[in-house]
Amino acid sequence: MMETPALADRLVPAPRGIRRCVHRTAPILAPLVILWLVALSATTARAAETMPSFAEWQAACAKLPLNRVLAGRMPPKALLPLRTFAEFDRVLDAFFALATNGPLADATRWVGAAPRRETFLDFQRTWFTSPQLPFEPFAEKLALPAEGKVVIQGDLHGDIHSLLGVLRGLQERKWLDGFALTEPGLHLAFLGDYTDRGLYGVEVLYTLFRLKLANPDRVHLGRGNHEEIGLVSRYGFLAEGRAKYGPEFNATKLLRAYDLLPVVTYVGTGTDFVQLCHGGMEPGFSPGPLLAAAGPDRFQLLGALRQKAFLRTDSGWLKSDPASAALAARSFQDFTPETPTSPSTIGFMWNDFTVFRDEPAFGQDPTRAFVYGQAAVRHLLRAAGSDGAALHAVIRAHQHSSAPNPMMHRLLASRGLFRHWQETDSADARDADPAALKQRLETAASRAIPDGSVWTLNVMPDSVYGVGCGFNFASFAVLRLGPSFGDWRIGVETVDVATR
Ligand SMILES: [Mn+2]
């Protein structure tokens with residue numbers, strides 16, 4: 001439940017003992033808290049004045065060497081657009097304030113139990129440093145008007161030049177002015193993996209937070225598998241932050257912000273929805289109540305993921321595929337996530353999909369995650385609908401490689417937006433190159449969305465992926481809704497990005 005005095009201890013960096021004392025003496029302290037909040041909002045307003053404009057930000061970022069040129073070396077400190085972590089920290093504070101005062105803090109927007117404010121909005125602690133604080137991943141439903149459209153962006157991986165290239169592309173279309181969306185009914189959705197592997201994770205996150213703060217209801221940041229302490233400590237972002245800002249870099253605080261990003265967003269209009277996520281299917285979560293809930297923007301805690309229970313009550317989808325059925329029986333678990341990867345991975349963040357129609361319904365890539373095939377996805381999407389609400393398709397990212405492989409070849413042939421299981425594709429053409437695949441695959445700028453389809457977006461090019469797979473275009477998808485699902489279209493736009 002929300003209590004106004006509790007607002008203070010979300011923002012005051014006070015030790016826990018002191019905060020308990022604030023709770024007990026709240027009636028006496030309330031006037032002081034109000035005065036303090038007034039002072040804080042004045043400070044926030046002053047901070048906003050000192051934030052760079054989009055033009056200033058872009059000019060500063062333009063001086064940065066490409067990831068391709070750096071080849072893993074850190075950019076010179078003198079060129080950094082944010083000279084101190086304090087400049088980033090101001091935007092982070094504003095992002096936390098948005099959560100404390102915005103939709104996530106509104107208990108009426110949560111389907112089922114709302115998270116406890118004392119844990120969910122306590123940004124002084126994190127679940128990965130305080131065992132008392134639970135990990136509380138959540139799903140979002142976003143219902144838009146039928147004329148709505150959504151720009152969807154795949155993995156960024158520290159590629160600031162391509163992100164700014166995409167934003168310039170939106171500005172040229174007059175959809176964006178500076179950081180502010182100007183096109184009516186347009187939303188922006190980012191599918192996660194903002195940092196690691198490229199050396200501009202700080203700059204990418206700063207840009208995304210500025211977009212979110214300028215358009216709080218229309219910019220949606222999702223959570224990928226790299227929005228997590230375990231991955232950023234292994235794949236470069238922690239090292240990047242420390243190299244840029246030394247001990248001033250507050251990784252714990254920054255990583256806590258990731259808990260405010262949904263692991264899946266169901267977007268649609270009326271009773272028709274598609275699933276936006278970074279990875280893939282999560283049969284342990286049933287979104288029926290969320291999809292059926294009235295209201296344009298609703299949340300639901302994942303809570304316990306009941307994969308085994310789902311398999312027990314709903315096993316028909318694997319009947320004709322005994323090997324898949326046996327693997328699912330061995331692998332599925334009922335569990336409450338303690339982290340994104342334990343005791344098992346959250347499928348929305350981690351899982352993959354097969355490429356060809358005749359591959360198994362369910363498999364496992366031992367180096368990555370579970371892999372779902374066409375028949376399984378059709379079944380799971382149908383099972384996810386309820387009370388008239390239908391879940392039709394999945395739009396996601398994540399499945400990339402820095403060495404050419406069948407998936408990367410198909411992403412390049414499809415201009416950065418690949419639909420799995422196309423009728424004209426088959427395992428016989430597994431190793432065909434992008435030029436040959438262009439003759440077989442959908443490449444149009446605007447495409448119909450079949451029921452049960454899965455779409456993967458490409459990763460940004462100023463990266464090990466662009467180098468390894470030989471591409472230099474950035475791409476983003478545009479989902480155009482319509483009065484009935486048959487009218488919906490998904491398009492892809494490409495932006496050439498300087499890579500030398
Ligand atoms: Mn990923």
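The largest nonpolar core of the predicted model has 122 residues, a nonpolar core being a set of buried Ala, Val, Leu, Ile, Met, Phe, Trp, Tyr and Cys residues joined through C-beta atoms within 7 Å. A residue counts as buried if 20 or more other C-beta atoms, placed from the backbone, lie within 10 Å of its own. Ile152, Val377, Ile395 and Ala477 have the most contacts inside this core, and helix 9 gives the most to it, with 7 residues. In soluble globular proteins, nonpolar side chains tend to be buried together. Over the protein chain, buried residues make up 45% of the 500 residues.

Residues are numbered from 1 along each chain as its sequence is written. Because the model is predicted, local features need pLDDT of at least 70 and side-chain atom pairs count only at pLDDT 80 or more, whereas totals for chains, interfaces and linings use all residues.

The protein chain contains 20 helices and 20 strands; helices (H or I, at least four residues) and strands (E, at least two) are DSSP runs, numbered from the N terminus. Of the contacts in the chain with a separation of 6 or more, 75% are accounted for by residues 24 or more positions apart, two residues being in contact if their C-beta atoms, placed from the backbone, lie within 7 Å.

Six strands form an open sheet of mixed pairing, in the order 6-5-2-19-20-17. Its edge strands, each pairing on one side only, are strand 6 (219-221) and strand 17 (446-448), and the twist averages 25° from one strand to the next. Two strands are taken to pair if DSSP finds at least two bridges between them. Strand 2 (residues 149-153) runs parallel to strand 5 (residues 186-190), to which 5 bridges join it, and antiparallel to strand 19 (residues 473-480), to which it is joined by 4 bridges. Ile152 stands opposite Ala189 in strand 5 and opposite Ala477 in strand 19; Val150 stands opposite Leu479 in strand 19.

In a regular strand the side chains alternate between the two faces of the sheet. In strand 2, Lys149, Val151 and Gln153 point one way and Val150 and Ile152 the other, and all are buried. Strand 2 is thus described as mostly covered, with 5 of its 5 residues buried. Helix 9 (residues 201-214) lies across strand 5 and strand 6 and runs at about 140° to strand 6, where axes are lines fitted to C-alpha atoms, for helices over the stretch in contact, and angles run from 0 to 180 degrees between N-to-C directions.

A further open sheet, also of mixed pairing, is formed by 7 strands in the order 9-1-7-8-15-18-16. Strand 9 (297-301) and strand 16 (417-419) are the edge strands and each pairs on one side only; the twist averages 25° between one strand and the next. Within this sheet, strand 15 (residues 390-396) and strand 18 (residues 453-457) pair in the parallel sense over 4 bridges, with Ile395 opposite Trp455 in strand 18.

Helix 17 (residues 374-384) has as its buried residues Gln374, Ala375, Ala376, Val377, Leu380, Leu381 and Ala384. Their cover includes strand 15 and strand 18, together with helix 13 (288-292), strand 12 (352-353), strand 13 (362-364) and strand 14 (370-372). Leaving aside its neighbours within four places in sequence, Ala477 is in contact with Ile152, Ile395, Leu417, Leu457, Ile490, Gly491 and Val492.

Notes. Buried ≥ 20, exposed ≤ 12 C-beta atoms within 10 Å, placed from the backbone.
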